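How does a helix fit into the protein around it? Look at the model below, then read on.

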Amino acid sequence: FYLILTILAVPFARSRIARPAYLVDGRVSTEFAEEFGISAREREVLDKVAAGFTNRQIAKSLYISPKTVENHLGHLFAKTATHNRTQLVTFLFANQ
């Protein structure tokens, strides 16, 4: 169920917001990473989440375990005061 929401949230967010402030060429901006204290690896994970990847796809592309992806996402949720992927992606696209 959450995966479906995530898959639907990314295109919806992109269609509603003309130009996301925290993304530059489809990647998380340095300003966003610095503002929220996001590590380089968390930033890589967040780039993949914003692109619509699943945890398993992220793990495979970054050569880490799906559990490590979950841990990184947990840190990202805490740092951005979000509770799930949908909120995280919406937050990423909505902040200007």
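Helices (H or I, at least four residues) are DSSP runs, numbered from the N terminus. The expected span of a helix is 1.5 Å times one less than its number of residues. This is a predicted model, where local features need pLDDT of at least 70, side-chain atom pairs count only at pLDDT 80 or more, and totals for chains, interfaces and linings use all residues. Residues are numbered from 1 along each chain as its sequence is written, and side-chain values use heavy atoms, leaving out hydrogens and water.

**Helix 5**

Helix 5 covers residues 66–80. Its 15 residues should span 21 Å, and the end C-alpha atoms are 21 Å apart, so the two agree.

Which residues of helix 5 are buried (under 20% relative accessible area; exposed is over 50%, partly exposed in between; 1.4 Å probe, protein chains only)? They are Val69, His72, Leu73, Leu76, Phe77 and Thr80. These residues cover an arc of only 145 degrees around the axis (taken from the directions from the helix axis to the C-beta atoms), so they sit on the same side of helix 5. An α-helix has 3.6 residues a turn, so residues three or four places apart point the same way. On the other side of helix 5, Lys67 and Ala78 are exposed.

What covers the buried residues of helix 5 includes these helices:

| Helix | Residues |
|---|---|
| helix 2 | 30–36 |
| helix 3 | 40–50 |
| helix 4 | 55–62 |
| helix 6 | 85–94 |

**Before and after**

Isoleucine 64 lies in the loop between helix 4 and helix 5. Isoleucine 64 is buried, at 19% relative accessible area. After helix 5 comes alanine 81, with a positive phi near 55 degrees.

Key. Helices (H or I, at least four residues) and strands (E, at least two) are DSSP runs, numbered from the N terminus. Contact means heavy atoms within 4.5 Å.
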